[in-house]
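Have the sequence and the 3D view ready.

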Amino acid sequence: MPVSFRDLSTCRNHAVEHAGGNYIAIFDGDDYFSKNWLTQCLSLIKREGDSRIYHPALMVAFDAWNAYWYQIDQLDPNYQNDSLLSMNYWNACAFAARKTFIQCPYAVSRVGEAGFGYEDWHWNCETIAEGYVHRAAEKTIRFERRKSTGSLNVAHQGASAVVRPSKFFDIF
């Protein structure tokens, strides 16, 4: 089903509305994953419950920027809520119950129109405000293509976008 919303958030929300399954995985089409990512997330969410959101544990960036890092688990003692005021702990790659995405849809984030960006950062904050917990799915990897031009992240930075206000920030 072709769409032309010209906004990644609206496209994601539309896809979630039309999805038939109980669980949704959000990820970029030009990235690669460990072969166990979906099955590991499904196993974990069935064991821990639908209040969890899973991200790959290890990130490997390639192309214009080469690096690797581990994504923090919200239940890790090193996790700090207030750090979300200045940084996004988790990338857009997320696995959760479909009802999570229905309850917390992505906010429109058209680069250059309103000054807001980083729809995944905002979504992470909104889901935490609603009581969801972000977890790192053990022994999973995402290989993320980092482009020097033409990516949404580069566009957000070029437009000096800021994260949209969130219910999460009301606690500070």
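Is Trp69 buried, partly exposed or exposed? Trp69 is partly exposed, with a relative accessible area of 24% (buried means under 20%, exposed over 50% and partly exposed in between, using a 1.4 Å probe and protein chains only).

## Ground rules

This is a predicted model, where local features need pLDDT of at least 70, side-chain atom pairs count only at pLDDT 80 or more, and totals for chains, interfaces and linings use all residues. Residues are numbered from 1 along each chain as its sequence is written, and side-chain values use heavy atoms, leaving out hydrogens and water.

## Rings in pairs

Rings of Phe, Tyr and Trp (its six-membered ring) pair if their centres lie within 6.5 Å; planes under 30 degrees apart are stacked, over 60 edge-to-face, and the rest tilted. That rule gives 14 aromatic pairs. Trp65 and Trp69 have ring centres 5.5 Å apart and planes at 35 degrees, so they make a tilted pair. Trp65 is partly exposed too, at 41% relative accessibility.

Tyr79 and Trp90 are stacked, with 5.9 Å from centre to centre and 25 degrees between the planes. Tyr79 is buried at 12% relative accessible area, and Trp90 is buried at 1%.

## The nonpolar core

Tyr79 and Trp90 also belong to the largest nonpolar core, which has 12 residues in all (such a core is a set of buried Ala, Val, Leu, Ile, Met, Phe, Trp, Tyr and Cys residues joined through side-chain atoms within 4.5 Å). Apart from this core lies another, of 11 residues, including Ile24 and Phe101.
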